[in-house]
Amino acid sequence: MMPLFDFPGGIHPPENKAQSSATPIRQAPLPPQLHVALRQSMGNAARPCVAVGDRVAKGQLIASADGRLSAAVHAPTSGVVSAIAPQPFAHPSGLPELAITLDSDGEERWIERQPLHDWPQRSGAEIRDFLAQMGIVGLGGAVFPSHLKLGVSPLETLVINGAECEPYISCDDRLMRERADAICDGIAVTSHALQARQVLIGIEDNKPQAIAAMQAAAAAHGFGVVAVPTKYPSGGAKQLIRILTGKAIPHGVRATEHGVQCFNVATVYAIGRAVLHGEPLISRIVTLTGAVEAAANVEALIGTPLDQLLALARPHRDSHEVVMGGPLMGFTLPDLAAGLTKAGNCLLVKSPALFPPRPPAQACIRCGDCASACPVSLQPMDLFWFAKTKNFDKAQQWQLFDCIECGACSYVCPSQIPLVDYYRFAKSEIWAAERDKNAANLARQRHEFRQFRLQRDKAEKAQRLAEKAAQAAARQAASHSAAANVAPASDPKQAAIAAAMARAAAQREAAPLPEQHSSGLNDAKQAAIAAAMARAAARKAAADEAKAASGQPPAPPPTSSGLDDAKQAAIAAAMARAAARKTAADQAKAASGQPPAPPPSSSGLDDAKQAAIEAAMARAAARKAAADQARANQQPDP
């Protein structure tokens, strides 16, 4: 007989378990439609991996875990996915949750199951990964992903929780009575994964049949079955560990740090079914009790509509609300169209006769009954004031989050104050503030990173532009160097131009240009002009002789340039003015320090202009001589 320990506080409410525990577990009929919520565990909701219209088999994965604190979801039966949309959800908030609606085909066609028959040779990590794929969570109410509790080994003591202290609930009691061998199989797998040195199964002493069944099944495995005193909330994990081992687990410390881990009997049963039979968690046992005609425990598929499940127990006509869980820790369901979740261990139907309305709350009288009943040794009356005045910092200092929300304080309060409701409100506000703070920190970090990224991109762009400019300058310098050092033939166009210039130079050397005179005309043109002038002079002499013979005065002799005196005077005046302007410009440049212009020719013009003027004068003289000759030819002979 091993020694037992006690925990502080606790209460002894009426049990009301016999109504549902008297009959064996029944199999709930297959519903035509299932609403399988994607949030089936503490943490993140699962992510769907099927689409509307897909046909699925029983046990097939339909939603994969999203992150570490999440659980996979499997098809409870075979059928067709008809919708993936928000549906009513079993939660105190009443908010809908995304769910997969499955229309059952009635065939119950399983996938090919792949159990771990060689689990004794598997490591704890391999078993942990396998259970994560099978969607196993804690079925005692917390729905914590079970594979995360297998991460520490070796373990000193594995505690199996069969206390089931909450009034009205008897699903674990019936499970231990009827399936003790399967429970012990799951305990063996769990113990192997954790390498536990000993296994202790704690069951309240108000369940003698369950104790006897578990003792018979555990004897073959060497597990210890311990009957613990009936007191609420001895089914709490920390409280049962304290009773069986004497170890008090403080707030914020994992039980594994003290060499202990605790699993619910329904959870280890699901572990055994998964490892030994390849069955994922797709059903659970639910207690239907309260104001009903046929209280019982039924095994129902996850996703079964709660109203159809309750119809099996035939609720009383005066029933007005349904609680999921027990009367102390449960919550009122906002919508019975919601599908059954893995956390749904009990549906308690309330009626005015069975559950009279709670009297209105009165002022706290500081009696201290709540502190005496608290199993965690808190000061509930102070936490109540902090929560009511929204002094959340002070509530946290007084260990608000040590509260397990068992409801013992509310149960004994003579002022009928719903103390647990205040604690839940304070916790939710603190969590919301923490979420807002984390969101603000995340937004700040994203803003700071964005500013950093913009500055980084700006610097990188400037560096790229500088590199491109340097590369362009290097290419330009290289091209100039190549142009100076590389032969022109390296460029086809340059080579062609050079060849053409060479040919032109060769032609000039082979056939030199005619010698040019100082007037800028070559010999041929000069000879033509001289001949024309000679002919003009001859014609002029003949004309003069004819005029002399006829008694007319001869024409005035032309100037040396072939122009008359008036034109010659005008040209001389223009040339004088040009020379004067040139001299003034040279003097101005000399005064400013600039070099003077090259000296003009004797006529005041440069050689090119002088040649042009002489050519023009020669052509004018030729035309004048031709005109005179024409006039002379038109006169009659005397």
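Two strands count as paired if DSSP finds at least two bridges between them. Strands (E, at least two residues) and helices (H or I, at least four) are DSSP runs, numbered from the N terminus. The model on screen is predicted, so local features need pLDDT of at least 70 and side-chain atom pairs count only at pLDDT 80 or more, while totals for chains, interfaces and linings use all residues. Residues are numbered from 1 along each chain as its sequence is written, and side-chain values use heavy atoms, with hydrogens and water left out.

**Stop 1: strand β17**

Select residues 346-350, which make up β17. β15 runs antiparallel to β17, and four bridges join them. Opposite valine 349 of β17 stands glycine 290.

Is β17 enclosed or open? Five of its five residues are buried, so the strand is largely enclosed by the rest of the structure; buried means under 20% relative accessible area, exposed over 50%, and partly exposed in between (1.4 Å probe, protein chains only).

**Stop 2: the end of β17**

Show the side chains of lysine 350 and glutamate 321, residues that stand opposite each other. They form a salt bridge with an N to O distance of 3.7 Å; the term covers a side-chain nitrogen of Lys or Arg within 4 Å of a carboxyl oxygen of Asp or Glu. Glutamate 321 belongs to β15 (residues 321-324), and the two partners are 29 residues apart. Lysine 350 counts as buried at 18% relative accessibility, whereas glutamate 321, at 26%, counts as partly exposed.

**Stop 3: arginine 39 and glutamate 97**

Next select arginine 39 and glutamate 97, whose side chains meet in a salt bridge of 3.1 Å, N to O. Arginine 39 is in the loop between β2 (33-37) and β3 (47-48) and glutamate 97 is in β8 (residues 97-104), so the contact ties together parts 58 residues apart in sequence. Arginine 39 is partly exposed, at 30% relative accessibility.

**Stop 4: aspartate 105 and arginine 55**

Move to aspartate 105, which forms a salt bridge with arginine 55; their closest N and O atoms are 3.4 Å apart. The aspartate lies in the loop between β8 and α2 (124-133) and arginine 55 in β4 (residues 55-56), so this pair ties together parts 50 residues apart in sequence. Aspartate 105 is partly exposed at 26% relative accessibility, and arginine 55 is exposed at 53%.

**Last stop: a network**

Finally, select Arg113, Arg273 and Glu279, which are linked in a network of salt bridges. The whole structure holds 21 salt bridges.
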